[in-house]
Amino acid sequence: MFDTIHKKLILRLAVAWFILSVVAGAVSYFVEHKKIDDFVIGLAEIESRKFIADEMTYLDDLTPENVAILRQKSQEHLLTGRFSVIEFYDKSKKQVIELAREDTEKIEDRMNLLKHDRLMNEIIQYENFYIDDQMFVRVLSPLKTTDGRIVGYFEGAYRVEPRIVKDIRERVLFSLIQVVMTVLISTVVLYPVIIALNKGLIKYSVDLSSANLGMLEVLGSAIAKRDSDTNDHNYRVTIYAVRLAEAMHLKRKEIQALIKGAFLHDAGKIAISDNILLKPGKLTEAEHDIMKTHVEHGAEIIGSYVWLQDAEEVVRYHHEKFSGDGYKDGLKGSAIPVAAKIFAVVDVFDALTSKRPYKEPLSFEDSMRLIREERGKHFDPVILDVFSDIAWSIYSETHKVEGAYMRATVQELISRYFGSDILVKI
């Protein structure tokens, strides 16, 4: 149980670490990118200011001579600066100048997609984009005179240096690693703290689990001793049921329920009088009808305790038959829960091979012959075929052995499937 709690805590902390890493990483990524965007926009803004102020005067008076001078100056800036595309528009948003470096078709296509008259207003706009892994900043700026008049617009694609792009990526990656490692270290540090703070709760959980399992065995033993001198029957059918369930590859939770059901399958016999329960001879029809009610009584008894409710399938339905002739609900075939069908086989097998107040034990061979005769009638054919393959092995494991050995075997099965070790000390 303690190991199980540790595993669950580690799993939950791992999930928390992953979620926090994703969230914190996303926030860090956003923050860093915002800083980077501001940085590269600042670079583009500084360079664009170098020539915008000078060239506004030519846009204010667009004579052919001024247009020629504007084109020449723009060409000089294009050759010496980091802008790959330079475009000027007059105040009516008509393009006056368009210059670009060589091999900038993709950039111009991108610029054309972004070129909308409604974007040209009194606010400077910036946008980052990538072309072939190269970072660019698109600048769209109104050109205003000192008195606030707009005389035109400037649009350009500023190419960020590859070195800066590399530094940017390294910075983002480093920030993400820092965040993930910080969250991981915090999670690792929290683990022993959480264990220490919850030590009492963990011990209580272990004790509660141990108490539940102890109660299961005590209650099952008390029920078994009502119609026999020992509780060996409970031990045997539990071993048989688990071995058969393992051979059928049932899940852990299903085997847990089967173990509980095996111990408590006859819980309802508490409500049956000794005159009927311990009668050495054959029961009358009326007495047999009363005996049948033990499955319903048993389901009611365990149904009031949440931890035992998953055992109800075995308790209520272990006397149902594959043909539909069983009791108490007359279920048939696949309508009968698998756990109940498994237990029906091993319960009858143990009844045949064991000594009872009213009968002597049958041999293994005679018992298997009688059971096989009920294939497709009392028992599910698939389950019975699997049982037939392992029957001798499990019979040899428990036949003529001491009760202490069987009890130890059952304890090992409980420890395996419930993850409980009552000897653990915290």
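Predicted model: local features only at pLDDT ≥ 70, side-chain atom pairs only at ≥ 80, totals over all residues.
**Charged patches and a covered helix**

D103 counts as exposed because its relative accessible area is 70%, and the cut-off for exposed is over 50%.

On the surface, K7, K8, R12, R252 and K253 gather into a patch of positive charge. Two helices, α1 (2-60) and α7 (252-264), each contribute at least two residues to the positive patch. Of these contributions, the largest share is that of α1, which provides three residues. K253, for its part, belongs to helix α7. With a relative accessible area of 64%, K253 is exposed, since the term applies to values over 50%.

The next element to consider is helix α6, which covers residues 232-247. Is α6 mostly covered or mostly exposed? Of its 16 residues, 14 are buried, so that α6 is mostly covered; buried here means under 20% relative accessible area. The length of α6 can be checked by a simple calculation. At 1.5 Å a residue, its 16 residues should span 22 Å, because the expected span is 1.5 Å times one less than the number of residues. After α6 comes H249, a residue whose phi is positive, near 60°.

Note on methods
Residues numbered from 1 in each chain as written. Heavy atoms only, no water. Buried < 20%, exposed > 50% of the residue type's maximum accessible area, 1.4 Å probe, protein only. Helix = DSSP H or I, 4+ residues; strand = E, 2+ residues; numbered from the N terminus. Patch = residues over 30% accessible without salt bridge, like charges linked within 9 Å, V, L, I, M, F, W, Y side chains within 5 Å. Areas by Shrake-Rupley, 256 points an atom, 1.4 Å probe, with all protein chains shown as cover. Salt bridge = Lys/Arg side-chain N within 4 Å of Asp/Glu carboxyl O. Lys, Arg positive; Asp, Glu negative; His and termini not counted. Charge placed at Lys NZ, Arg CZ, Asp CG, Glu CD.
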